[in-house]
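Hi everyone, thanks for coming. Please have a look at it while I talk.

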Amino acid sequence: MTINLHDETDKLSESLKETIISAAKAAVKAEGITKPCSVDILIVDIPNMQEINKAKRGIDVPTDVLSFPAEEGFSGILFLGDIVICYEKIFSQAKDYAHTIEREAGFLTAHAMLHCMGYDHENPEDEKEMLAMQELILGKMGLRR
């Protein structure tokens with residue numbers, strides 16, 4: 001799997017980079033994807049996240065994570081999509097939910113990866129399935145609550 005991780009904030013620690021990359025790989029493995037695939041992950045600050053959310057979804061507030069699923073690329077590699085994670089939200093939400101920043105970074109990445117692979121949480125049944133997959137991925141990474 002190819003993961004193109006770009007940190008626009010220049011603040012992401014090596015440890016958090018490894019957590020994000022591990023979560024992306026764990027999500028692909030949990031889904032059983034064996035075909036070569038790739039994902040682009042962008043780390044931004046709150047103002048840039050708000051700008052992206054407004055431009056792409058028409059919602060003028062910052063959010064924690066966005067995912068933009070894609071289709072198979074020209075190279076034959078399955079391009080799963082683009083993910084944007086808000087750097088500050090990793091820390092504030094880890095504090096709000098009383099867990100580690102590694103767990104929050106892993107959660108946001110796993111959540112977005114699942115969206116890129118077709119999961120959603122628009123109804124209770126789909127949400128239950130997506131939450132179970134997220135917990136499976138994070139559990140395999142040792143990122144429990």
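Let's begin with a charged pair: the side chains of glutamate 135 and arginine 103 form a salt bridge, with 3.0 Å from N to O. This pair ties together distant parts of the chain, since glutamate 135 sits in helix H5 and arginine 103 in helix H4, which covers residues 101-116, and the two are 32 residues apart. Before I go on, please keep in mind that this is a predicted model.

Are the two partners buried or exposed? Glutamate 135 is partly exposed, at 35% relative accessible area. Arginine 103 has a relative accessibility of 1%, and because buried means under 20%, arginine 103 counts as buried.

How many salt bridges does a search of the whole structure find? The answer is 2. The other one I'll show you joins the side chains of lysine 17 and glutamate 14, at 3.4 Å from N to O. Lysine 17 is partly exposed, with 25% relative accessible area, while glutamate 14, at 52%, counts as exposed.

What does its side chain make a polar contact with? The partner is the side chain of histidine 111, at 2.5 Å. Leaving aside residues up to four places away in sequence, glutamine 134 touches Phe107, His111 and Leu114.

My last stop is helix H3, residues 87-96. Its buried residues are Tyr87, Lys89, Ile90, Gln93 and Ala94. Looking down the axis of H3, you find these buried residues within an arc of 165°, so they line one face of the helix. Lys95 and Asp96, on the other side of H3, are exposed. And what covers the buried residues of H3? The cover includes strand S2 (37-44), strand S4 (78-86) and H4. After H3 comes alanine 98, and its phi is positive, near 55°.

That's my tour, and I'm happy to go back to any of these views.

Terms used:
Residues numbered from 1 in each chain as written. Predicted model: local features only at pLDDT ≥ 70, side-chain atom pairs only at ≥ 80, totals over all residues. Heavy atoms only, no water. Polar contact = N/O pair within 3.5 Å; in protein donor to acceptor, adjacent residues only side chain to side chain. Contact = heavy atoms within 4.5 Å. Salt bridge = Lys/Arg side-chain N within 4 Å of Asp/Glu carboxyl O. Buried < 20%, exposed > 50% of the residue type's maximum accessible area, 1.4 Å probe, protein only. Helix = DSSP H or I, 4+ residues; strand = E, 2+ residues; numbered from the N terminus. Arc of directions from axis to C-beta.
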